[in-house]
Each structure stands twice: as C-alpha cells, then as structure tokens.
Amino acid sequence: MMRNLGTQEALGNGPTRRQAIVSLAIAFSGLALVATEDWAAAEEEISHTAESIHQEIAFKASRSRVYEALLDAKQFDKVIQLSGVMQTMHLPDTPAEISRQVRGAFSLFGGYITGRHVELVPNVRIVQAWRAGGWAPGVYSIAKFELVEQGSATRVVFDHTGFPKGQAEGLASGWKAHYWEPLKKLLA
C-alpha cells in the first residue's frame, strides 16, 4: 500500500526552498560583513594624504645641455656654488659625485643629498632614489626629471614623491632655490 506523502515528509522534514534561500542569504551576508571588515582594514593601510611635489621649469637650453648639467659632477658643482647653500647650511665642501650608470650612486651638497639612479634615458628622463641627510636610515623618495623639448628650450617636468610627511614645503622651496634658480644661471 502506497501512502501519499506531503512535501515535508518526502524531504525528510528538511528545510523548504524558501528557508534554504534565506539561510544562504544570511550566510553570504555574514561573509560580506567579514570581507567588508577586511577591506576596511586594508583601507586604513593606504594613505590618501601622501604629499608630493610637481614643478615645471623652463630653461633656455637644449635637452642635452640640461641633462648634462644634472648628471655631470663638475657642472653640478657650479650649480651648488651658485645656490650658496654650502655656506648657509655649513655643509662640508666635498665635490659632487654623480655616476652616469643606472643603479649608480650620487652624492651632492657635501654629501647631504645622496641616492641612486633608477632610470637614465639620455636627454629625456632621470629617475632617482633620493634622500636627504636628516631622514631616518633607509628612507628614500623618488625624484623624476622629465625633459620636454620646447623649440630651442627645455621644460623640466619634475615630480618628487615618497618623502617623509611634513617635508613637502621645505623640499619644494629647496628644489627652487638650490636646483632650478642656479641651474638657470648656469645655462644662461
């Protein structure tokens, strides 16, 4: 004899389809909550207030002349002398040392500014891992000099990122006073 079983009995008193869907929705919302908490923790690790410097400077000189002035130690020593920073900061009178190789080191302003070349594209781009002497050990920033031809002149598109928080204002004025203004005098 066959008995007509109801839906609940046929399924062995398991959950209905509606109950299963609700259970899955609750489970997934719990996973979403955990994922949202993980994303929030990751968001806290990302700085949305990192300082950076962007400057654009025009020079009445060819790209090759500007490139050489930035990478030739003897020419850069003249930039340093024209800036007058050695006397005002009482830095040692050590000549500039500038490698012309990628990964090569440089030491400027009596060793106060040091670093390594990350990328060198002759007459086009210089990218440096750059640091100031007062920074904590192992802290380097990235300084990028993009040389853009403008007729017989050159525009340097300069970007500096990754330096310690609170340093932007001093660095920005330092680039102007100790790099760009004396470099303009040298190239005039």
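**Reading helix packing and the nonpolar core**

Q: Is the crossing of H4 and H6 left-handed or right-handed?
A: The crossing of H4 and H6 is right-handed. A crossing is left-handed if the near helix is turned anticlockwise from the far one by less than a right angle, and right-handed if clockwise. Helices (H or I, at least four residues) and strands (E, at least two) are DSSP runs, numbered from the N terminus. The model is predicted, so local features need pLDDT of at least 70 and side-chain atom pairs count only at pLDDT 80 or more, while totals for chains, interfaces and linings use all residues. Residues are numbered from 1 along each chain as its sequence is written, and side-chain values use heavy atoms, with hydrogens and water left out.

Q: At what angle do the axes of H4 and H6 cross?
A: Two packed helices are described by the angle between their axes and the distance between the axes. Axes are lines fitted to C-alpha atoms, for helices over the stretch in contact, and angles run from 0 to 180 degrees between N-to-C directions. Here H4 (residues 73-83) and H6 (residues 168-187) have axes that come within 8 Å and cross at roughly 110°. The two helices are therefore roughly perpendicular (65 to 115 degrees) to each other.

Q: Which residues of H4 and H6 meet?
A: Contact means heavy atoms within 4.5 Å. From H4, Gln75, Phe76, Lys78, Val79, Leu82 and Ser83 meet Ala177, His178, Tyr179, Pro182, Leu183, Lys185 and Leu186 of H6. By class, this contact has 8 nonpolar, 3 polar and 2 charged residues. Ala, Val, Leu, Ile, Met, Phe, Trp, Tyr, Cys and Pro count as nonpolar, Asp, Glu, Lys and Arg as charged, and the others, Gly among them, as polar.

Q: How is the pair H3 and H4 arranged?
A: The axes of H3 (residues 63-71) and H4 come within 5 Å and cross at roughly 80°. H3 and H4 are therefore roughly perpendicular to each other. Glu68, Ala69, Leu70 and Leu71 of H3 make the contact with Ala73, Gln75 and Phe76 of H4.

Q: Which residues touch the most other members of the largest nonpolar core?
A: A nonpolar core is a set of buried (under 20% relative accessible area, 1.4 Å probe, protein chains only) Ala, Val, Leu, Ile, Met, Phe, Trp, Tyr and Cys residues joined through side-chain atoms within 4.5 Å. Among its 41 residues, Phe109, Phe145, Trp175, Tyr179 and Trp180 touch the most other members. H6 supplies the largest share of this core, 9 residues.

Q: Is Leu147 buried or exposed?
A: Leu147, in strand E6 (residues 141-150), is buried, with a relative accessible area of 2%.

Technical notes:
Parallel < 35°, antiparallel > 145°, perpendicular 65-115°, else oblique. Buried < 20%, exposed > 50% of the residue type's maximum accessible area, 1.4 Å probe, protein only.
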